[in-house]
Amino acid sequence: MIDIKNITKQYTKNKILENFSLHVEQGSRVVLFGASGSGKSTLLRIIAGLENIDNGEIYIDAKLVSKKNEIIIQADKREIGFVFQDLALWPHLNVAQNIEFGLKIKKVDKEDRVEKVKEILKKVNLSGFESREISQLSGGQKQRVALARTLVVNPKIILMDEPLSSLDYELNTQLRQEILSLQKEFKFTLVYVTHNKEEAEFLADNILYM
Amino acid sequence: MKYFLASFLLLILFSGCAKDDNKNEVVIYVSEDQVFSEPILKDFEKKTGIKVKALYDTEESKSTGVVNRLIAEKNNPQADVYWANEPIRAQMLKQRGLLSKYISKNSKEIADNFKDNNGFWCGFSARLRVLVADKNMKKYPSSVFDYLDKKYKDKAVIANPLFGSTTAQISAMFIKLGDKKAKAFLNGLKQNGVKISTSNGESADFVAKKQYLFSLVDSDDAVSRIRAGKDIMMIYPDQEEGGLGCFVIPNVVMLINGAKHESNAKKLIDYLLSNEVEAKLALADCAQIPLHVEVKPPKELRALKDIKVLKVNYKDVAQKMHEIEPFLKEWAGY
Amino acid sequence: MTLFFDTIFLSLSVTFVSVFFGVIFAVLFEKTTLAFKNTFLLIFTLPLLLPPYIVALGFSELFSEWIFSFFGVVLVESIIYIPIPMLGTFLLLKNINKSFEDSAKIFCSWFCVLRKITIPLISPYLFLISSIVFLLSLGNYSVVNFLRYKTFVIQSFVEFSAFYEYKSAYVLSILIFLIVATLLLFEKYYAKKNYASIFENIGFKNKNPIDLKNYKYILFSFVLFLASAFVILPIFTLVFNSHSFSNYLKAYDLVSNSIYRSIIYAGIGAFFITLFGFILAFYIKTKDYYILDFFSVLFFALPSTVLGIIFIKLFNHEWSSFIYSTPIIIILAYILKYSAISTRLIFSNLSQLPQSFDDSARVLGASKFYTILHITIPLLKNTFLFSYFLAFVFLIRDTDITMLLYSAGNETFAVQLFTLMANSPQEIVSALCVIMILVILLPILAWFILRKIF
């Protein structure tokens, strides 16, 4: 599904990734585990098409998407989901508006959007939260909304950058269960970044130590 | 945000609807104070139905701001008429080829020394350069040379000689006295601590507020303060035998070369040079002295025939002004 | 050369005084329990709303000869410009991440927190704000002219006006070019290390005011004294000198058309300044096109005389009459002159938006343009509104550039007021000044109402 071949990424004089390669099977769960500054988040951004590479090639579904100094398929065309570390929930939009954003881009009509939002909120245990403002949500609820926003557009690949790092142990445990069951239900390929060993061992088919 | 954009669009529509498509118009640049000139122009509008679009000068840049616009716009003039408040810069504009000849029927009765002999400009409604003094002074100044009197050290004020009527008078003094004596006079002003104000109006106000004892100003500045009840005295300087005399500064009107509304411009020039306008300007607070002999002067002022005037050719004054520019620049510290 | 250094010294003095008091007021009005702080905020903002020469006129009526000196100019200009650092700092303090301060409060008093944490955190932005004040003071013409203090902007004007010399205006512009370049390089070097995201997510707020305890009466009296002596009294003098209501009617009669025109020009100009400012800010942030910032600041700093000459030479031709002889020329000049204000304001807020906001929209399939339209712009709407009204205030009170370019019959209220000051009765001039205050206050009220709606 994802083929990363000998990529190098450098910021000024610092080499973040050097001759890095990775193959991710469709439907699998790969966890990138390592200390801060090891290039985990950068790798996710590269896969998503938000950063270019200084060398190497990246294939998704056998299609070349990035090569040296060139993003061939832009981020908005890769159909990859991304849950950011700070969740990036837009404060000027309520829960439903955040979630349906991707559906609007795909020109899904209003009735279908309302239905899909309702459905996904049910899946993440937030039924009835459509008109809530983001500022009114707790940490765990925000996390679920971020997940819902990513899942509602049915991406084949979902990238998650330490999404549970700011949650307490109990909530962390609960949500990682939910992520796992959602992955099994929707069968997306998951590339997950964490520095929490327990989280890594729970979620991963394969752990990559960086 | 939608409402904001909607309001903005309404604003544009409003301004579009308000656009004036009237082509029966004339454009005039005016150096005479707006408060006096605007009513005259509005009267012309009422009488003729021709829309007057006026652009006024400011007090501080008196006559030079508008003149600079005229010069800058030479290749594509926007103005049709220029109403100057002194003839020197009119002469300068003529030399730069910015003016067109037009001899109005209403200019026939105006004395030759107040109009260009080739018909490029014509004077009307003049003012005099007079002294205003604190009424409580024991002895009033009687000459411009009183500026150099040691007993008035740091107690007198004069408007910036780089602008307006003061420049014209200084240039006339250079012609009458010769360069050496005139330069000595200007240097004497500095040595005697004469304050430089931004305008004649400000100078008159300083004297009215008793911050300074006297100043050389235009007669309209003097009369307007007297009419407002200020405690000042107006003096015609240098009237004695052998004295320089009073410098006369007429308003001047001229047709701009390449005017887009030429026939309306000529009608406006005719109007400005009429007895009617001179009478109005005499009655107004600007108290201008008519150049048509049959029009009565303001009650606070004498008729021109009763005053000793500084006899000088304005063409020569314009030329001299150009020559003394470097000196004036240095004197003013620029 | 002496004049050059004198002018720089004057502008530095004005900047120091305005920023010093502006920051103090901002702290008092945003962070403390000072009584009537919102009223004081409004009072000290008032001088910004007026054409600078009107403030100078008010002071000259009150303080007589003393005001016509270096200290007088510093005082008047500082009063005029204090609102900029005050409002800028006020907004910064409002949006700063409170956890930075809270974590320091464990160790020391509020005064210590402000001194060691808060002010240092916002110092790069304060530097930006100070540079705006410095440039405004450097390019100011009307106040220094009215107070008869010679600066090299006055010199440039005199050279142009009295001697028809353009060359000296250009030479002086080169000097300003060098000053602006030096300022921006210094700012880029200093601010580069310090542009951290120190603000909470936009839209999330919390409050924790400082209790002034025993100091509240002293501070209240101090602020009240300053407000009364340096804002209320000079403006009240103008009101007092207008004497009767009939003078207001006479005054309004003189200027009614130009008021209407001023609102239209300022309204349209402010819109395009905000739009242009956003475009420039966007390119500066995303493409590092700092050259755009440089030019916008340069045009802001250049004397209006020079800009006026450039515009006349560029547009006074047959083919461009539709620009030159219409209000379009003024709007274009406004955009060129004032875009820097909008650009910098929007840039500083744009820099605070997390990159992930854009990235998450992109990965959901939004194009760059769609992301700008639906994510970036809505998140910046308060900034746009503020930028619009700030630009509106600057435009409606502008005389310097308008005077050089307006076509006959299309003068603005500020220009007409300036020309009527010559030989109009004092009561009429004072009444006109009061009308000017009202004309500017009305959109400010509209801004407060619109803010509540949006």
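Before we look at the helices, a quick definition: axes are lines fitted to C-alpha atoms, for helices over the stretch in contact, and angles run from 0 to 180 degrees between N-to-C directions. This is a predicted model, in which local features need pLDDT of at least 70, side-chain atom pairs count only at pLDDT 80 or more, and totals for chains, interfaces and linings use all residues. Residues are numbered from 1 along each chain as its sequence is written, while chains are lettered from A and ligands numbered from 1 in the order in which they are written.

**View 1. Helix 4 (residues 139-151) of chain A packs with helix 5 (residues 169-186) of chain A.** Their axes lie 11 Å apart, at an angle of about 15 degrees. The two helices of chain A, helix 4 and helix 5, are therefore roughly parallel (angles under 35 degrees count as such). Helices (H or I, at least four residues) and strands (E, at least two) are DSSP runs, numbered from the N terminus. Helix 4 of chain A contributes G139(A), G140(A), Q143(A) and L151(A) to the contact, and helix 5 of chain A contributes L171(A), L175(A), L182(A) and F186(A). Residues are in contact if their C-beta atoms, placed from the backbone, lie within 7 Å.

**View 2. Five strands of chain A form an open sheet, with parallel pairing.** Their order is 7-8-9-3-10, and strands pair if DSSP finds at least two bridges between them. At the edges are strand 7 and strand 10 (206-209) of chain A, each pairing on one side only.

**View 3. Strand 8 (residues 157-161) of chain A pairs with strand 9 (residues 189-194) of chain A over 5 bridges.** Look for M160(A), which stands opposite Y192(A) of strand 9 of chain A.

Conventions:
Parallel < 35°, antiparallel > 145°, perpendicular 65-115°, else oblique. Contact = placed C-beta atoms within 7 Å.
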